[in-house]
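Thanks, everyone; let me put the model on the screen, and then I will go through a few local features before turning to the fold as a whole.

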Amino acid sequence: MDWDEFYRNADYDRCIYLRGEAMVDYLERFLERFGPFERVASVGCGPGSVLFALASRYPDTEFHGIDISEQVVADNRERAAERGLENLTFAVDALPDLETDERFDLVYSAATLFFVPDTAAAVADLYAHVADGGYLVINYPDPECPARFDQWLEGRRREAFDLVLSGENVLSSADIRECCDTEPRDYWDAVDATEDESFLVAKTPMVYLEKSEL
């Protein structure tokens with residue numbers, strides 16, 4: 001998937017994947033219930049709509065958006081400057097091996113691991129960028145995803161989800177536990193998310209993991 005081409009040609013209009021605008025409220029609940037957080041990173045941030053909303057609400061928190069697409073990062077930087085959001089920055093980087101050596105109180109990655117070949121390595125790398133005492137929040141393709149996506153993608157662009165459809169990059173909760181040596185817990189439950197039948201990807205698991213302080 002050529003993400004620069006995607007963002008150059010698509011009228012993506014600051015869309016928010018999975019559950020739309022509700023994703024902003026859900027992450028805000030997580031910040032309130034598990035914070036405070038000084039530094040938050042969103043990996044695979046795309047248009048960054050969740051970050052833009054929260055950066056304006058939490059001016060004392062640093063928000064960092066990370067994405068593989070130079071085009072969307074450039075767009076996001078321009079928009080952040082226009083809005084005067086000095087606590088919001090963006091950088092180009094990619095899973096499964098982020099080049100940055102920074103660590104964050106919260107690392108958040110939604111609707112991203114579907115497009116990463118080695119999801120186990122990606123999860124381990126994301127967890128390595130969590131500061132001691134911090135949290136990782138991830139949404140991921142589970143073993144039921146190939147069947148779900150096969151039905152959902154009828155008539156849509158299937159090639160973008162080849163890894164999921166083939167079952168090549170699916171993960172179980174046991175896989176995540178093994179990657180991080182930490183018990184994954186249900187994010188949807190933690191933020192009191194409502195059932196959403198409108199978008200199939202919203203049914204995929206989303207979990208959080210706490211990194212113990214040394």
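Asp181 counts as exposed, at 71% relative accessibility, where exposed means over 50% relative accessible area, buried means under 20%, and partly exposed lies in between, with a 1.4 Å probe and protein chains only. This is a predicted model, in which local features need pLDDT of at least 70 and side-chain atom pairs count only at pLDDT 80 or more, while totals for chains, interfaces and linings use all residues. Residues are numbered from 1 along each chain as its sequence is written, and side-chain values use heavy atoms, with hydrogens and water left out.

Asp181 has a positive phi of about 55° although it is not a glycine, and it sits in the loop between H8 and strand S6 (185-186); helices here are DSSP runs of H or I with at least four residues, strands are runs of E with at least two, and both are numbered from the N terminus. Asp192, in the loop between helix H9 (187-190) and S7, also has a positive phi, near 55°, but Asp192 counts as partly exposed, at 45% relative accessibility.

Two peptide bonds deserve a look as well. The one from Gly35 to Pro36 is cis, with omega near 10°, and Pro36 is placed in the loop between H2 and S1. The bond from Leu95 to Pro96 is cis too, with omega near 15°, and Pro96 lies in the loop between strand S3 (88-92) and S4.

Now to the packing of helices. The axes of helix H2 (residues 22-34) and helix H3 (residues 49-57) come within 9 Å and cross at roughly 45°, the axes being lines fitted to C-alpha atoms over the stretch in contact, with angles from 0 to 180 degrees between N-to-C directions. In H2, residues including Met23, Leu27 and Leu31 meet residues of H3, among them Val50 and Leu54, a contact being heavy atoms within 4.5 Å.

In helix H5 (residues 119-128), the buried residues include Ala122, Val123 and Leu126, and their cover includes strand S4 (104-109), strand S5 (130-139) and helix H8 (173-180).

How many disulfides does the model have? The count comes to zero, with a disulfide taken as a pair of cysteine sulfur atoms within 2.5 Å. The sulfur of Cys180 is 5.6 Å from the closest cysteine sulfur, in Cys179, and is therefore too far for a bond.

Overall, the protein chain has nine helices and seven strands, and buried residues make up 51% of its 214 residues.
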